Amino acid sequence: MVSSPEPLPGRQLPGAIRWTGNEKVMIRFENVSIAYDRKSQPALDDVSIDIQRGEFVFLVGSSGSGKSTMLRLVLREYKTPHGQIYVAGQNVANVPSWRVPKFRRGIGVVFQDFRLIQTKTVFANVAYAMQVVGTSRAAIRAEVPRVLELVGLAGKGHRKPTELSGGEQQRVAIARAIVNQPAILLADEPTGNLDPITSAGIMDILEEINQNGTTVVMATHDDDIVDSMRKRVIELRHGKVVRDEAMAQYTSLIPIVPAASWQSAVGPAEKPNAEKPDAELQTGRERADSVLGVSDGPSSETTAEEEFMPQRLERQRDREPPLDGDAQTSTGNFMDEDQK
């Protein structure tokens, strides 16, 4: 049985996720599988992961790989038919439907499409998240301006979402998600509709939120962001976890074949400019000369190249023998190609 982590600094919301133990695992998937219907491929297939308190984790993978499904399962939008999911030590399957809204108060969510109330001001959009949990008006008046300043929107609380840029609307969405000081922040493609410069600003905000103790899990296709931040990366493919790597990039680097394995397959490699016995040098020179048609003198043996060489090429070879310098240059090129 998984116990609950001890509380983070901040306000404990009534009915939100309870913190009673010392467990540091904030999100745990144990052999989780789910399919939307019997005929389709599983959205998640035997997924097992642990996400620690205070971690910043990227979920990456192609569309349909299972990233959004994982976030929805954490939010208890679905029940998984196979496996167990724990959020802050609480088995999500044991949360009854009537208690789900209270359960979600300990989780902040940022969406790609902002989901702001267009008829309300920026201040009212953020304040709404506090009103639904019963926060007093005095606390709202004090907290909302502080959070708007944190996300770079100080002085814009009176504006409507239609008066803001896309990046500013996403900042409002982030402010709304964190105003209740959640222990977990889920972000589903928060920079998907933003330009690179605006996206970098959004990531700076999420990074600061994470440094304040909030566990951040972000699904994304933005390889530049993942590569620049070097956080933990969980890669999904067809519903399976194919990579779980700390301080990683969006795409895993191609492993380099060990030298011993390569040499055992193709033979010992020849290093340029290395000293070799005369016999090896002579062997290499003779092999090159045989291809180029260069000979130090008459030979009683006929090589395979000479035997099958067309007469036109034989006449051209006899008529225009290569100079010593040309022969050496060509031999060097041949050796380079041989080494490749």
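Reader: What volume does the largest pocket have?
Author: In this predicted model, the largest pocket has a volume of about 610 Å³.

Reader: Which residues are the closest to its centre?
Author: Those are R104, I107, A129, V132 and R176, out of 20 residues that line the largest pocket.

Reader: And which helices or strands supply at least two residues of that lining?
Author: β6 (107–110), α3 (122–131) and α5 (166–178) each do.

Reader: What's the lining like by class, nonpolar, polar or charged?
Author: The lining of the largest pocket has 12 nonpolar residues, along with 5 charged and 3 polar ones.

Reader: OK, switching to rings. How many aromatic pairs are there?
Author: The count is 2 aromatic pairs. In one of them, the ring centres of Y36 and Y78 are 5.7 Å apart and the planes sit at 75°, so that pair is edge-to-face.

Reader: Where in the chain are Y36 and Y78?
Author: They're in distant parts, 42 residues apart. Y36 is in the loop between β1 (25–34) and β2 (44–52), while Y78 is in the loop between α1 (67–74) and β4 (82–87).

Reader: Why does Y36 count as partly exposed?
Author: Because its relative accessibility is 45%, which falls between the 20% and 50% cut-offs. Y78, at 26%, counts as partly exposed too.

Reader: What about F56 and F58, how are their rings arranged?
Author: Their centres are 5.2 Å apart with planes at 50°, so this pair is tilted.

Reader: Are those two buried or exposed?
Author: F56 and F58 are both buried.

Reader: Last one: which residue lies over the face of F111?
Author: That's R115, at 3.7 Å from the ring centre.

Conventions
Residues numbered from 1 in each chain as written. Predicted model: local features only at pLDDT ≥ 70, side-chain atom pairs only at ≥ 80, totals over all residues. Heavy atoms only, no water. 1 Å grid on protein atoms, 1.4 Å probe; cavity = no way out; pocket = protein on both sides within 12 Å on 5 of 7 lines; lining within 4 Å. Points joined across faces, edges and corners; volume = space filled by probe spheres on them. Helix = DSSP H or I, 4+ residues; strand = E, 2+ residues; numbered from the N terminus. Nonpolar A, V, L, I, M, F, W, Y, C, P; charged D, E, K, R; others polar. Phe/Tyr/Trp six-rings, centres within 6.5 Å; stacked < 30°, edge-to-face > 60°. Buried < 20%, exposed > 50% of the residue type's maximum accessible area, 1.4 Å probe, protein only. Lys NZ or Arg CZ within 6 Å of the ring centre and 35° of its normal.
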